[in-house]
Amino acid sequence: MTDTETLKPAKTVSTRTRVSEIADDLRRGIEAGRFRPGDRLPSESELTRQHAVSRTVVREAFALLRTEGLVEARKGSGVFALDPAKAERRRPFADLDMERLSGVIELFELRSAFEIAAAGLAAGRRSAAQIDAIVKAHEDVVQCFRDGRSPREADFAFHYSIAQASQNKRFPEFLSLIRPGIVPRVELEAHDGAPRPYVPNPQMVAEHERIVDAIIEGNVAEAEAAMKVHLEGSLGRYRAMLKSGRQN
């Protein structure tokens with residue numbers, strides 16, 4: 001990879017980053033009381049001008065906040081803030097504790113149930129542009145390993161790009177919903193109380209490559225099998241960590 005290619009912004013990652021930035025800004029406004037329950041949020045056109053993004057990016061940000069129960073869309077009127085206290089109580093997965101191995105395992109079991117299907121659908125339905133996005137997201141993960149940086153965010157972007165290529169918008173919506181568990185908030189705690197630093201799956205790049213190859217080739221069965229190996233490998237490592245902790 002040349003220096004120019006390294007510095008070239010990744011479309012998939014930058015789009016996801018812009019979605020997150022807009023959602024984070026609005027979320028802070030709601031939680032801080034700048035937008036009180038019932039207040040109308042800035043319109044799509046206002047946010048498009050303010051952040052210099054497309055309407056699609058703004059709509060994705062609103063969709064993310066809707067999954068969190070922080071806003072509601074009223075046809076013909078706009079998007080309005082909801083009570084963040086009530087949203088927290090009813091938010092799906094709000095009680096999922098990603099500081100515990102058992103919580104991580106729960107989430108990986110759930111991911112396996114739908115991401116395997118998403119990979120198969122992506123292999124059968126992906127567009128040329130979506131293949132490019134998946135490949136670029138994978139290259140970002142590779143670059144993280146080369147630079148010695150955490151691949152957490154790049155890994156999420158990779159899985160999100162596959163979910164988008166499924167052509168079923170519920171897959172990326174669901175990934176956004178469980179994102180806090182895919183990108184853990186804090187380190188996992190070891191049995192002796194000492195922190196267990198996050199260590200990325202050393203096979204991640206090779207496993208991603210097999211998924212990418214299958215999607216490019218349009219091989220549905222192979223894409224599903226490769227995603228199953230990827231997720232169940234991680235699940236197996238966390239189960240082994242939990243078992244080890246209980247034995248010590």
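The report below goes from the whole chain to its helices, its hairpin, its cores and its aromatic rings.

This is a predicted model, in which local features need pLDDT of at least 70 and side-chain atom pairs count only at pLDDT 80 or more, while totals for chains, interfaces and linings use all residues. Residues are numbered from 1 along each chain as its sequence is written, and side-chain values use heavy atoms, with hydrogens and water left out.

**Overall make-up**

The chain holds 12 helices and 4 strands, taken as DSSP runs numbered from the N terminus (helices H or I, at least four residues; strands E, at least two). Of its 248 residues, 44% are buried, where buried means under 20% relative accessible area, exposed over 50% and partly exposed in between, with a 1.4 Å probe and protein chains only. The chain exposes about 13200 Å², of which carbon and sulfur atoms supply 50%; these areas come from the Shrake-Rupley method with a 1.4 Å probe, and for residues only the protein chains shown count as cover. Contacts are heavy atoms within 4.5 Å, and among those between residues at least 6 apart in sequence, 68% join residues at least 24 apart.

| Helix | Residues | Expected span | End-to-end C-alpha distance |
|---|---|---|---|
| H8 | 152–165 (14 residues) | 20 Å | 20 Å |

Because 11 of its 14 residues are buried, H8 is largely enclosed by the rest of the structure; the buried residues of H8 include Phe156, Phe158, Tyr160 and Ile162. H8 is followed by Gln167, which has a positive phi near 65°. In H4 the buried residues include Val57, Val58, Phe62 and Leu65, and just after H4 Gly69 takes a positive phi of about 75°.

Strands S1 (residues 71–74) and S2 (residues 78–81) pair in the antiparallel sense over 4 bridges, pairing being assigned if DSSP finds at least two bridges between two strands.

**Nonpolar cores**

A nonpolar core is a set of buried Ala, Val, Leu, Ile, Met, Phe, Trp, Tyr and Cys residues joined through side-chain atoms within 4.5 Å. The largest has 27 residues, and those with the most contacts inside it are Ile134, Phe158, Ile162, Ile211, Ile215 and Met227. Helices H6 (101–125), H7 (128–147), H8, H11 (204–217) and H12 (220–247) each supply at least two residues of this core, the largest share, 8 residues, coming from H6. A second, separate core of 19 residues includes Val19, Leu26, Leu41 and Val58.

**Aromatic rings**

Rings of Phe, Tyr and Trp (its six-membered ring) pair if their centres lie within 6.5 Å, with planes under 30 degrees apart counted as stacked, over 60 as edge-to-face and the rest as tilted; by this rule there are 3 aromatic pairs. The rings of Phe114 and Phe174 have centres 4.7 Å apart and planes at 85°, so this pair is edge-to-face. The pair links distant parts of the chain, with Phe114 in H6 and Phe174 in H9 (residues 170–177), 60 residues apart. Phe114 is buried, at a relative accessible area of 11%, whereas Phe174 is partly exposed, at 22%. The rings of Phe156 and Tyr160 have centres 5.8 Å apart and planes at 35°, so this pair is tilted; both residues lie in H8, 4 residues apart, and both are buried. Phe114, Phe171 and Phe174 form one aromatic cluster.

Methods:
Expected span 1.5 Å × (residues − 1).
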